[in-house]
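Here is a short briefing on a two-chain model. Keep the sequence and the 3D view open as you read.

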Amino acid sequence: MRYDNDHLKMPNKIIEMGLLPETVFRILYQAPFSGPMYVEFGEEKSRIALREEEGDFIIVEELN
Amino acid sequence: MQATQKKQVLLVGNPNVGKSTVFNALCNKKQKTGNYAGVTVASHSGFYNYENEEVEVVDLPGSYSIYPSSEDEAIFSKFLIDKQQDYAGVIYILEALSLKRGLLLFQQIQDLGVPMILVVNQIDQAERRGITIDIKKFSEALGIQIIQTNAKEQIGIEEIKKAVLNNNFVKANKQSFETPNEHKDFIQKIMSHKDIDNEYKAWMSLSLGTDLGRIESIIEQMNEPDSKSLVPKRLQVQETVRRYQKVDKILSNVISKKAQFKELLTEKLDKVLVHKFWGYVVFLAILLIIFQCVFFLAEYPMNWIDDFFAWLSAFAGEHLPEGPLNSLISNGIVPGLGGIIVFAPQIGILLYFLYLLEDSGYMARVVFLMDRLLRPFGLNGKSIVPLVSGTACAIPAVISTRNIENLKERLLTILVTPFMTCSARLPVYSIIIGLIISDKSFLGIKYKALVLMGMYLLGFIVALFSAAILNKFIKNKGKTYLVMDLPTYKKPLFGYDFKMVLGKVWDFITGAGKIIFIVSIIIWFLSYFGPKQKPDQLVATNVQLDHSYLAKMGKGIEPVIAPLGYDWKMGVGILTSFVAREVFVGTMSTLYSLDDDAPEGKVIDKMRNDVKPNGEKVFNFATGVSVLLFYAFAMQCVSTLAVVYRETKSWKWTGFQVVMMTGLAYFVSMLAYQILK
């Protein structure tokens with residue numbers, strides 16, 4: 001994954017939590033009615049909750 | 001005797017790394033640990049003595065970065081940077097399961113030139129996941145000695161104390177973050193201009209940004225044309241990404257993983273607990289179980305307490321000399337105290353469950369589940385934690401809003417949390433429901449229990465809808481978002497939490513007890529004395545209740561409360577409730593026991609039989625409903641107001657909350673009484 005170049009609107013917290021460019025992640029669950037996403041990422045299998053709006057800042061490439 | 005030395009150390013780390021557990025193991029003090037980001041919402045300090053040194057440990061709120069994005073993180077950064085002269089060093093806690101995230105903040109603090117001790121907690125957990133950490137290599141790469149702990153088992157705590165005693169705090173010999181080349185010259189200029197000797201501090205004076213209002217001033221002072229285009233946020237991102245790249249390199253040499261990867265408890269549990277459907281079913285079921293326990297399990301100890309106080313009251317009545325003092329103690333103070341202490345089991349059970357939920361890591365899942373549902377009301381998923389803990393007490397609930405990043409969402413949560421049915425309302429509800437609702441049951445559930453549950457629901461619904469209305473009128477500053485860690489589930493500390501609950505319940509009893517004791521005595525005095533009846537008297541003593549100062553005061557406010565259906569005694573009860581709601585019960589007990597016409601009998605029976613001058617019962621259905629609604633909505637807690645002011649730093653919003661809540665209470669109670677009477 002990479003980040004959109006619109007850095008400034010994105011909460012820094014996403015990066016501070018360790019969801020960095022080139023990180024492999026999986027969306028495990030999502031709360032109903034387009035609620036937050038349950039994202040697992042990185043070597044340490046960190047888990048964070050993100051809303052779709054925050055997810056929009058992230059450019060995703062599919063891995064198999 | 002040797003003189004003791006004093007030393008202050010800070011306990012720092014990400015949220016959920018076991019910081020508070022280390023704190024408890026060090027200081028052996030009552031303090032809440034939790035597995036939900038933001039339990040340590042204020043900085044607490046505790047003390048321990050080791051050898052001949054007294055050490056003060058300040059437990060700072062957890063943070064992910066030196067750059068704050070919420071109030072609790074701001075408290076953290078401010079303390080760390082501003083108080084650098086005061087503390088001997090920082091004990092930094094890393095969790096073995098998330099080293100990467102922890103090292104970001106660790107290196108930022110290191111670069112500030114702060115001396116540190118590094119602790120890696122819960123290595124056993126990492127090993128269970130098949131992760132091996134080469135501590136020796138790790139220690140060399142970071143240039144600092146590492147202490148391994150398992151704080152829950154007290155392992156490694158002695159080593160921390162030793163390290164503090166020997167002042168094994170280490171300063172970094174080299175800055176781990178290299179200032180980007182394009183800013184190097186400018187940073188050098190700032191350093192010489194501002195007389196800063198630390199390159200990272202100079203960098204921070206740029207990157208910390210407008211939060212502290214520094215960047216404009218520094219850039220303007222420096223009069224550097226290129227620097228005008230600097231955006232603090234961009235600098236922060238640049239720094240964070242660079243740091244993580246370095247951290248990755250360090251960790252790749254230190255961590256090794258076995259091939260097999262067992263599915264862990266957290267993965268299994270989350271399949272159900274955050275499920276689109278079952279997640280909500282489980283959450284509702286948990287709430288139902290909690291309330292079932294609060295109302296039915298608590299019945300047994302409540303009966304014992306009731307019996308004990310009835311006995312004590314009778315005992316005091318028999319053995320004390322006859323007179324008004326006898327009546328005050330046996331019918332006023334003792335039943336008043338009993339009326340509060342009887343609720344200790346319910347409050348204790350409620351708190352115990354809340355602690356277990358926080359401790360286990362489940363609260364973060366509730367935030368995840370509730371975020372989408374709370375957003376239409378202008379709230380954040382994180383608002384659910386204050387709302388739920390508001391059912392115990394609004395004070396810690398208001399403080400726990402600090403980790404809500406968006407200021408508007410935080411303000412809304414603070415404004416509506418006191419609508420949640422707190423434990424102080426429980427005594428009032430119980431006594432009024434006991435007076436006006438019949439003992440019958442419906443499908444095996446007592447009407448009384450249903451009405452009580454209805455009151456809880458009412459509080460929640462009013463909280464949500466008032467948030468939705470206020471949402472329309474309050475301007476939004478800043479962006480709303482939810483970026484939240486979902487910690488691994490941990491077995492709650494059952495015994496430890498139980499101890500915490502006992503402490504809190506004791507605080508409640510002594511706190512409420514003191515107030516009720518004082519209020520009872522004041523009421524007794526005001527009712528014992530009255531305006532002079534003969535010209536040569538200064539005041540009249542031992543007057544009829546109806547001729548006392550108290551009655552005069554109560555009758556003075558009667559025009560205001562008459563539309564709500566209250567007589568002057570209830571008016572006095574409500575007035576005294578503005579100190580704290582539960583005082584109502586004590587005031588009523590005292591008032592009714594002072595009624596000389598019927599000195600015998602239980603207070604509740606006297607209340608039931610009391611009539612107004614026009615022959616109407618004082619506590620009939622209409623006035624009962626009116627009182628219930630008044631207590632549900634009115635802002636009647638001085639301590640909560642003090643905390644709201646401290647958290648909002650605004651008289652405007654604190655005042656608004658009083659007027660909004662009490663105005664609503666007055667209006668709704670009047671409406672209900674006028675319709676039902």
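Predicted model: local features only at pLDDT ≥ 70, side-chain atom pairs only at ≥ 80, totals over all residues.

**Positive phi values**

- Most residues other than glycine have a negative phi.
- Lys649(B) is not a glycine, yet has a positive phi of about 50°.
- Lys649(B) sits in the loop between helix 28 (638-648) and helix 29 (651-676) of chain B.
- Glu22(A) is another residue other than glycine with a positive phi, near 75°.
- Look for Glu22(A) in the loop between helix 1 and strand 2 of chain A.
- Glu22(A) counts as exposed, because it has 9 C-beta neighbours inside 10 Å and the limit for exposed is 12.

**Contact between chains A and B**

- Chain A brings 30 residues to the contact, and chain B brings 31 residues.
- On the side of chain A that touches chain B, helix 1 (12-16), strand 4 (46-50) and helix 2 (52-55) each supply at least two residues.
- That side of chain A has 15 nonpolar, 7 polar and 8 charged residues.

**A sheet with strands from both chains**

- Strand 4 of chain A pairs with strand 11 (residues 483-485) of chain B. The pairing is antiparallel, over 3 bridges.
- Within this pairing, Ala49(A) stands opposite Met484(B) of strand 11 of chain B.
- The open sheet has 4 strands in the order 2(A)-3(A)-4(A)-11(B), with antiparallel pairing.
- Strand 2 (25-30) of chain A and strand 11 of chain B stand at the edges. Each has a single partner strand, so one side of each lacks a neighbour in the sheet.
- On average, neighbouring strands of this sheet are turned by 30° against each other, direction ignored.

**Helix 27 against helix 29 in chain B**

- Two packed helices are described by the angle between their axes and the distance between the axes.
- Helix 27 (residues 621-633) of chain B packs against helix 29 of chain B at an angle of about 165°. Their axes are 8 Å apart.
- Helix 27 of chain B is therefore roughly antiparallel to helix 29 of chain B, since angles over 145 degrees count as such.
- The crossing of helix 27 and helix 29 of chain B is right-handed.
- Helix 27 of chain B contributes residues including Phe621(B), Leu629(B), Phe630(B) and Phe633(B) to the contact. Helix 29 of chain B contributes residues including Met661(B), Leu664(B), Val668(B) and Tyr673(B).
- Which classes make up the contact of helix 27 with helix 29 of chain B? There are 13 nonpolar and 3 polar residues, and no charged residues.

**Chain B overall**

- Chain B has 29 helices and 13 strands.
- Of the 677 residues in chain B, 46% are buried.
- The C-alpha atoms of chain B fill a box of roughly 90 × 65 × 55 Å, taken along the principal axes.
- Take the contacts in chain B between residues at least 6 apart in sequence: 71% of them join residues at least 24 apart.

Note on methods: Residues numbered from 1 in each chain as written. Chains lettered and ligands numbered in written order. Contact = placed C-beta atoms within 7 Å. Nonpolar A, V, L, I, M, F, W, Y, C, P; charged D, E, K, R; others polar. Pairing = 2+ DSSP bridges. Axes fitted to C-alpha atoms, helices over the stretch in contact; angles between N-to-C directions. Buried ≥ 20, exposed ≤ 12 C-beta atoms within 10 Å, placed from the backbone. Parallel < 35°, antiparallel > 145°, perpendicular 65-115°, else oblique. Left-handed = near helix turned anticlockwise from the far one by under 90°.
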